[in-house]
Amino acid sequence: MVDTSSPMSDQGGKELELKTIAYNNAINAIKSIETTSENKKIFEKKLEGKESKAKFIFYTLYDLTNNLTQKDEDIITPLSGLIYTLYFDEKLLKFDVDDKLLKNFENIKIDKKPLNVLPFIETLVFLNRLTSQKIINSLDDDSDVEEIIMMVFVTMSQEKDIRALVIELVHRLSILKNKDFFKQNILTNEQNNFLFITFKIFVPIANRLGFWSIKWELEDLCFKGIKPKIYTYIKKLLKEKRADRENFMNDCINYIEDKIVKNGLPKEKFKISGRPKSIYSTYTKMKQLYSYSQKTLNRKISLEGFSTVIEGNFLTFKELFEGVHDLLGIRIICCDSDENCDSNKDKLKLSKICYDVLDIIQQNFTRQSTFIRKYGELVDYIAAPKQNGYQSIHLVVHAPLVNESNIQDHRKLEVQIRTEKMHQQAEYGVAAHWKYKELGYSQRATNKDFAFTALKEYIDQNGLSAAQDFLKEKLDTNLFGSHIYVFTPDKNVVSLKKGSTPVDFAYHIHTEVGNHTTGVRINDRMVPLLTQLKNGDIVEITTQKNGHPSLDWLNFVQTSLAKNRIKQWHKRSRRKENIDRGRELLEKELSKTGFENLLRSKFMQTIAEKCNYQSVEDLLAALGYGEKSTSIYQVINLVREKEKEEAKAHGWKILERAFVNNNLKISYNSEFILEAAQRLNYQTDDDLLAALGESAKVIDVNEVIKILREVLQGKSSVEVVSLRNKSNHPANISDKQHPIKGIEGLLYYRAGCCQPIPAEPIVGIVTRSDGISIHHQNCKNVQNLLNSKSGSESNQYEGLTVSWNDKSEQTYLVDIKIETNNRIGILKDITSYLADKSINISEAIIKTYPYENKALINLSIDIKNLQNLENCKASIKQIKDVINVNRVSEMNVDYNKNVKIQPREF
């Protein structure tokens, strides 16, 4: 049946007698609540079939709770565990008792003292229901596991006694120690899930609470059912039962202790503990060695994948098993009788004791090589601590044959040596070992990890009962990170984002619950809906049929689910109101006649689709509701952009007709149209065409034709520099200062079409009436000007050889076009850079395109030469969100063509 021996209990002498008396009193107390003689007989029959298990549960819990608390005798914990075990149906794997008997558990008397075990029983039933809802069928299935573990701890806080959790751990251990559980070769689905739930949820809980013995027993027994073949292989290779290996460990400890004392170190200066490695821990160590042999991280190899490898290859299995160097391990903790080791001097003194012990071990035992440390090296984490602060000396030696002190065993024995303070750090500090035990590899500690190690330390020092206050305190801080766990009235656990309110809770339960929420009770108290929930709260939502969500809820709900559901309800229920409001907002901004026709047009349908809506009404509803993804200004910009496109197309048609009437042949996007547009103070040719196409007739087409004729004759294609910078007048410039050689003393102009600057090849164009204009040698207008014919000889142009004066310090106006993402501060970033470089800005024009999130910045800046310009462009392009930088005049220069002219010499 059940192995009644417990690693925590001492079955001899007076302690056994006390436990036996307590057990018999508990059995009699339970009998007394069975009201009929028939029920008493049923109970006795139930007890007869479970007596060994009942004693195991009672004795183990008695030892655990009374050894930990070390205060008054704790009888309620083992009594509750006894009741839960006796009335637990192991076939159905659930607690089975009627409500009448359950009520009697409130008032069980032992030695005339009333004990209420009902809260323990209710908590245990709830724990079983909570964890059994999860289905796990793989060692690697960790989905929701951590969340369920956190839910369990919330439950413990809510139910006010963490001892119920210890009962559950021991109860599960008793079921798995029952040989009947593994009687069938093939386990049922319920048994398999019981194994996986125990292994993935309750083993980590035992580990975090520091119940190591329960932890390894549960782990091994679960592993036996989950991977029976691997479990059996390891068990055979170990050759000895756990009890025999524990006896050998005790002999090793005594033998080594004797050696250390004989070498001059007093017994009070150290203490030794040891353990044989469990079967599952051996398996995980083999996995670690396998990952090392494959030169990969342990975490990257799944447990199931590793199992497949070793199940199919016994030689690999045996090689990895033999590589496990810590099947037997002892820990030697060096301590100081003064118990005051805070100063550096004390720390050095204790560290010296560790190295003294190391010398004794090495003098009496031969170091062994291992799978990883091939030459028997020791690892000194005292001299070089791990990143998490862990300190200890590790080495592997031949285990002693205690009966023949001069002969050494062939088995390996791992020895760890550390100080008491280092041990405390390893148990409760940053380097706490429990997380490594769960994961199988090291990982950075979190606030939650520190909370669990602190809980473990608190239990060790103050007992299980006192730990409840500590747990409650940590629940109110950051133990559970970014989530909280609350309860429905039926004690179902709900996980929510930290800061969530009852409205978030309601929508998590169901959309209709959220939509009809009118009030809430938290822990039986009416509170406002904007109250933030805390871990462990019991939340009861009040609903009414005519209730509906308020837009004000959007100001305090935290979850995206709640926000989206509230918005959806208002969109559906108040659609007409939102459409009317959206129509009013749009009409107010556009301020134009024919608005209704605009809404019904294909033009507006296109705008709606661009905003990702199926219809214009959907767009208006979104505007009226205030949808963040669609602003009124975005729609207006799109409308105006669309209107401009139509006006531009209409403007081109008007201009085309005018070209025919005036015998002109100019193509769409011609540079001549751009120059005419700029002459008329439009930034681009598109702006000019849109102005022509506007119904308001902003500009007359005849005026455009007049300017175009001037452009074609070359009169408006030059920039008269003398008007913008009087220093260019020959009376104001000496020959040495003159920026251009070859025209000293003459009036000159710098062409606006190509804006040449020093270091670029230039040519002078001489006119009879307008003086000399300086062009880039490859300017597209140069040949047009030289080849132009006119009825008046005074308007003929001639070429002139000129060059730059390198000694001149003059600056030149250059127009650049900067394409950027439309963000706040982009213009400031650009102008700040130019100011830092002492580059003057004469003019700045900015145009934004919100729908495309782009901006166009045109700057007129003062530049010394070509190198200065290129450096400036390159630096501006490095500014965040700048997409491209171009010189405006580039379009008028053919850099691939070298224009040849016949120059005239003066």
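Which residues does Thr820 touch, not counting residues up to four places away in sequence? This question opens the first of several exercises on a predicted model, in which local features need pLDDT of at least 70, side-chain atom pairs count only at pLDDT 80 or more, and totals for chains, interfaces and linings use all residues. Residues are numbered from 1 along each chain as its sequence is written, and side-chain values use heavy atoms, with hydrogens and water left out.

**Exercise 1. Locate Thr820 and list its contacts.**

Solution. 
Step 1. Thr820 belongs to strand β21; helices (H or I, at least four residues) and strands (E, at least two) are DSSP runs, numbered from the N terminus.
Step 2. With 0% relative accessibility, Thr820 counts as buried. Buried means under 20% relative accessible area, exposed over 50%, and partly exposed in between (1.4 Å probe, protein chains only).
Step 3. Contact means heavy atoms within 4.5 Å. Apart from residues up to four places away in sequence, Thr820 touches Ile826, Ile830, Asn853, Lys854, Ala855, Ile857, Asp881, Val882 and Ile883.

**Exercise 2. Determine which face of helix α33 (residues 826–836) is buried and what covers it.**

Solution. 
Step 1. The buried residues in α33 are listed as Ile826, Ile830, Tyr833 and Leu834.
Step 2. Viewed down the axis of α33, these buried residues fall within an arc of 95 degrees, so they line one face of the helix. The arc is that of the directions from the helix axis to the C-beta atoms.
Step 3. The general rule behind such a pattern is that an α-helix has 3.6 residues a turn, so residues three or four places apart point the same way.
Step 4. Exposed residues Lys828, Ala835 and Asp836 are carried on the face turned away from the buried side of α33.
Step 5. The cover over the buried residues of α33 includes β21 (812–821), β22 (841–849), β23 (854–863), α34 (866–877) and β24 (882–887).
Step 6. Just after α33, Ser838 adopts a positive phi of about 60 degrees.

**Exercise 3. Check the length of α34 and identify its buried face.**

Solution. 
Step 1. The expected span of a helix is 1.5 Å times one less than its number of residues. For the twelve residues of α34 the span should be 16 Å, and its end C-alpha atoms are 17 Å apart, which agrees.
Step 2. Leu869, Cys872, Lys873 and Ile876 are buried in α34.
Step 3. Down the axis of α34, the buried residues lie within an arc of 95 degrees, so they line one face of the helix.
Step 4. Covering these buried residues are elements including β21, α33, β23 and β24.
Step 5. At the start of α34, a side-chain oxygen of Asn865 comes to within 3.2 Å of the backbone nitrogen of Gln867.

**Exercise 4. Decide whether Asn193 is buried or exposed, and describe its surroundings.**

Solution. 
Step 1. Asn193 is part of helix α8 (residues 189–209).
Step 2. Its relative accessibility is 11%, so Asn193 counts as buried.
Step 3. Leaving aside neighbours within four places in sequence, Asn193 is in contact with Ser132, Lys134, Ile135 and Ile136.
Step 4. Asn193 and Ile226 are 33 residues apart in sequence, and their C-alpha atoms are 9.9 Å apart in space.

**Exercise 5. Describe the chain as a whole.**

Solution. 
Step 1. The protein chain has 34 helices and 24 strands.
Step 2. Of its 906 residues, 48% count as buried.

Technical notes: A polar contact is a pair of N or O atoms within 3.5 Å; within protein, one must be able to donate a hydrogen and the other to accept it, and residues adjacent in sequence count only if both atoms are side-chain atoms.
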